[in-house]
Amino acid sequence: MTSIIKVDTLQTAAGGVPTASDLGINTTDTIVAAYTTLSSMSAQTSATTSFIDITGLSITLTPKSAANTILIGAVIAAETHGSHADKGIRFNIYRGGTAIYGSEYDLYNSDNAAQRITKSPLMFLENAASTSSRTYKISFSSTRTDSNANARVNNYGEPSTMYIFEIAG
């Protein structure tokens, strides 16, 4: 024997919209939201250690739950070039105005007058901690201030990609 239940609307006892857990569905460790963006295809160059925002690599979101985890990732079309024998490119990931990821270098070249081009992957994980709206963005800089130690992104018509996954806690 089969049964069919048909309803137009489900509500909680308080009259609100039920969540998956209200219905007995376990969503822990599942992706509850996904965001992506592509950078501009225009090259950006830096010959200083001051960070420059990568045009187009910014995502604003509002977490669905403070208990969730935010996974921020990117694949950056990166390059370092120039005649200096010690040069590289580094990236920061910001939440609002706060750097939450940074390193001394993400791509490094110790060869004089050599060029190094790659797709640099970045990944950072943090707790949502609140349901306040926030903006994540990615910036880059050279590892040194020198006109012969350039860092460049999105050259040769190659855009970079940023993605964020919100994972249920």
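Which residues does Ala-74 touch, not counting residues up to four places away in sequence? This tour of the model answers that question at its second stop.

**Before starting**

This is a predicted model, in which local features need pLDDT of at least 70 and side-chain atom pairs count only at pLDDT 80 or more, while totals for chains, interfaces and linings use all residues. Residues are numbered from 1 along each chain as its sequence is written, and side-chain values use heavy atoms, with hydrogens and water left out.

**First stop: the whole chain**

Display the entire protein as a cartoon. It has zero helices and eleven strands; helices (H or I, at least four residues) and strands (E, at least two) are DSSP runs, numbered from the N terminus. The radius of gyration, taken over C-alpha atoms, is 21 Å, well over the 15 Å that the globule rule gives for 169 residues, so the protein is more spread out than a compact globule. That rule is 2.2 Å times the number of residues to the power 0.38. Along its principal axes, the C-alpha trace spans about 75 × 35 × 20 Å.

Buried residues make up 37% of the 169 residues; buried means under 20% relative accessible area, exposed over 50%, and partly exposed in between (1.4 Å probe, protein chains only). Among contacts (heavy atoms within 4.5 Å) between residues at least 6 apart in sequence, 79% join residues at least 24 apart.

**Second stop: Ala-74 and Ser-120**

Select Ala-74 in strand β4, residues 69-81. Ala-74 is buried because its relative accessible area is 0%. Leaving aside residues up to four places away in sequence, Ala-74 touches Ser-120, Pro-121, Leu-122, Ile-138, Thr-161, Met-162 and Tyr-163.

Next select Ser-120, which lies in strand β8, residues 116-127. Ser-120 counts as buried, at 4% relative accessibility. With residues up to four places away in sequence again not counted, its contacts include Ala-74, Phe-91 and Asp-106.

Move to Thr-98 in strand β6, residues 98-102. Is Thr-98 buried or partly exposed? At 44% relative accessibility, Thr-98 counts as partly exposed. Show Tyr-136 as well: Thr-98 and Tyr-136 are 38 residues apart in sequence and 9.4 Å apart in space, C-alpha to C-alpha.

Select Asp-29, in the segment before β1 (31-38). Its phi is near 65°, a positive value in a residue other than glycine. Asp-29 is exposed, with a relative accessible area of 64%.

Then select Asn-154, in the loop between β10 (150-153) and β11 (161-167). Asn-154 also has a positive phi, of about 60°, although it is not a glycine. At 0% relative accessibility, Asn-154 counts as buried.

**Last stop: the largest pocket**

Select Thr-19, Ala-20, Ser-21, Ile-25, Asn-26, Thr-27, Thr-28, Val-32, Lys-64, Ser-65, Asn-68 and Ala-168, which line the largest pocket. A pocket is an open set of points on a 1 Å grid over the protein atoms alone, where a 1.4 Å probe fits, with protein on both sides within 12 Å along at least five of seven lines; lining residues have an atom within 4 Å of a point. The lining divides into four nonpolar, seven polar and one charged residue.

Definitions and conventions. Nonpolar A, V, L, I, M, F, W, Y, C, P; charged D, E, K, R; others polar.
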